[in-house]
Amino acid sequence: MVNVPRLVVAAPSSGSGKTTVATGLMAAFAARGLAVSGHKVGPDYIDPGFHTLATGRPGRNLDAYMCGPELIAPLFAHGARGCGLAVVEGVMGLYDGASGLGELASTAQVAKLLRAPVVLVVDASSQSRSVAALVHGFASWDAGVRIGGVILNKVGSDRHEALLREALEESGVPVLGALRRAEGVAVPSRHLGLVPVAERRAEAVAAVAAMGERVAAGCDLEGLLALARSAPAVPGGAVWDAGGAAGGGVPLPAPSRDRGAAPDPAPQAPEGLGSARPVVAVAGGAAFTFSYAENTELLAAAGADVVTFDPLRDEALPPGTRGVVIGGGFPEVYAAELSANAGLRKAVAELALSGGPVAAECAGLLYLARSLDGLPMCGVLDAEARMTKRLTLGYRDAVALTDNVLAAAGTRMRGHEFHRTVIEPGAGDEPAWGMHRPERRVEGFVRGNVHASYLHTHWAASPGTAARFVERCRG
């Protein structure tokens, strides 16, 4: 049974202020000494970075499309274990989900799966009495969704706030906060959304602190905490365990360590997997910020010594590296710096060509290409990548077309694409995936022990993925 007090922060539409309010709530309650867990509905990688700053704990995703509805409560319990409050930031509008699939992957579905009360953030900048009709409609649309309160955002004045509160008295939904239009808390955006924390850490720290102060001043924190504590227990919400999910039942070691940090004591690997803990180098730094916390935890639980390296700064792979994982991010922004680091590019290429396992997603795919926007990259793949104006975005259903370091042929996976780049050709002689949604096509590259694709995947949905990769590293 999951008994963590919890709130889902939702909105009628994107752009209403969910990230500001959710992150501000996390920061405000953390400043009070409460252990807070931050979660994001959907596949977004960037918002959880701000949640991490606000709470001091890994930000986590709850994606009912990629992981399945049955894993939402266990993954929530895993992330929120030991906390006095969990704040779940929604995605898009409250009832918006995977295109053409009803409520699947919507904020509303996750709220129902967690039996969590919803706080609706409303952009009140261009309305007064109409706000009551809007809130009434959202509150009555689905009887399974409990909207426990409203936070009014972008309120213009005391008079404006009074009119809004008066109108909402008729709705029966309490107002739990009113935030004025404010400068100084906005986070800059670019072609794929907000600029990640890792690229402007000092500014992000200041922005999160400002969000916390603004929310603490404008919201009824006691009322919000009482609402969170009113959430009933979630039946069947066993805590997800990375060690058990990885198949070995091994206690979870420390998930990662940075270059230069003292090594973690090496626990015994699961029986049958050998005694050595192969070093798996995971790309990080400003250019590679997209990763799910559970992926790294699964690698560690499967017996790997996970070490983070920065392709912008490190001139060599970590000592003893047996495999490399390169996730998503913004290599197009840092193409010149990545290209200039010829020593690391050569090290990655040599590892790949010698048979070392390499798993690359999206940004990692571009980094393994011959070039990106005309600048030399690792040259592992016989392909050229470039930036475009066209956004490719959406959930995907895929099947592995050949045995590879992540999956056996025929393995079905769900994932997500999110990029404004293209790679030519789009698939190698041995494609990584056969896509079945939204259209049929082949995509990505399998070359020896290299797996490179645009598809982002959440390994909690297929925990054997990490174990398979680590086993190839031992080989």
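Which strands does helix α8 lie across? Keep that in mind as we walk through this predicted model, beginning with the sheet.

The sheet is open and has 7 strands, paired in parallel, in the order β3-β2-β4-β1-β5-β6-β7. At its edges you will find β3, residues 60-62, and β7, residues 175-180, each of which pairs on one side only. If you step from one strand to the next, the twist averages 25°.

Strand β2 covers residues 36-41 and pairs with β3 in the parallel sense over 3 bridges.

Now for the helices. Helix α8, made of residues 221-229, lies across β1, β4, β5, β6 and β7, and runs at about 115° to β1. Helix α4, residues 107-114, lies across β1, β2, β3, β4 and β5. The angle between α4 and β1 is about 170°.

Finally, let's turn to the cysteines. How many disulfides does a search of the whole structure find? The count is 0. Take Cys 473 as an example: the closest cysteine sulfur to its own belongs to Cys 378 and is 17 Å away, so the two are too far apart for a bond. A disulfide needs the sulfur atoms to be within 2.5 Å. Cys 473 is also buried, because its relative accessible area is 1%. Cys 219 is another buried cysteine, with a relative accessible area of 10%. Both values can be judged against the cut-off for buried, which is under 20%.

Definitions and conventions: Residues numbered from 1 in each chain as written. Predicted model: local features only at pLDDT ≥ 70, side-chain atom pairs only at ≥ 80, totals over all residues. Heavy atoms only, no water. Pairing = 2+ DSSP bridges. Helix = DSSP H or I, 4+ residues; strand = E, 2+ residues; numbered from the N terminus. Axes fitted to C-alpha atoms, helices over the stretch in contact; angles between N-to-C directions. Contact = heavy atoms within 4.5 Å. Buried < 20%, exposed > 50% of the residue type's maximum accessible area, 1.4 Å probe, protein only.
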